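Open the model in your viewer and keep the selection tool ready.

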Amino acid sequence: MRCLILYYSMTGQAEKAAILAADAARVEGWDVALCRMSMSDPADALARPMNIAVSKKWTQGAQKGMIVPLAYDPPDAIVQRYDAVLLFSNTWGDHPSVPVRSFLQSAEARAVLSDTPFGAYIVCRRLWEKNLGIVQRLGEAAGGRFIGGEPFMHPGGQIGSLIQTITYLYRTDGGRKRFAGFPLPRYGLSDEAMVRVAPFTRELLARVGSSAR
């Protein structure tokens, strides 16, 4: 059984979780292809420190359904057939990130998802329901068979994680420790979220096995 794990990662959080998912799938006996998406135009590449204009461009682009050309690493991973596809979907605003939506509306998605079970890991602070709904709808429109999705969140409440995310993206260090005298959660997926990656991966792949019998 062959599995494609596909992700985009600007700050490394989705990548860490995708690697954990790949490890869990291999333990279950799956042949895993781990593939990183990126925007193919170097002018579109995102990196810290960001600024308000860049942040606004891409967050609003995600809300409006912006599509960009993509590159895949390794490139041959996206042109093969799989028994399952596991997609990590970053949350920009409350929508999938531009790279994730660009994949889901691409010819590559139609080829790799056609009649193939797929699951979704929603990487987010708090707002995840719309992201998951869009991923399911677009994945099914590309021919995939949705088998489940769950959120994997940053620590802290809505306000604390928002302040930390904004300041982290606009800086080059590890983020602020405090804001107006109040402690901030660290930037990144919570320990709880990271621990849940492996069991959720096993659950998704078990569903694939059940549907194949």
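Which helices and strands each supply at least two residues of the lining of the largest pocket? Select α1 (13-27), α2 (52-63), β4 (84-92), β6 (117-124) and α6 (158-169). Helices (H or I, at least four residues) and strands (E, at least two) are DSSP runs, numbered from the N terminus. This is a predicted model: local features need pLDDT of at least 70, side-chain atom pairs need 80 or more, and totals for chains, interfaces and linings use all residues. Residues are numbered from 1 along each chain as its sequence is written, and side-chain values use heavy atoms, without hydrogens or water.

Stay with α6, which gives the most to this lining: five residues. Next, pick Thr91, Trp92, Thr165, Leu169 and Tyr187, which lie nearest the centre of the largest pocket among its 29 lining residues.

Now the rings. The whole structure holds nine aromatic pairs. Select Tyr72 and Phe103: this pair is edge-to-face, 6.4 Å centre to centre with 75 degrees between the planes. (Rings of Phe, Tyr and Trp, the last by its six-membered ring, pair if their centres lie within 6.5 Å; planes under 30 degrees apart are stacked, over 60 edge-to-face, the rest tilted.) Tyr72 is in strand β3 (residues 70-73) and Phe103 in helix α3 (residues 98-104), so the pair ties together parts 31 residues apart in sequence.

Move on to Phe88, Tyr121, Phe152 and Phe200, which form one aromatic cluster.

Methods. 1 Å grid on protein atoms, 1.4 Å probe; cavity = no way out; pocket = protein on both sides within 12 Å on 5 of 7 lines; lining within 4 Å.
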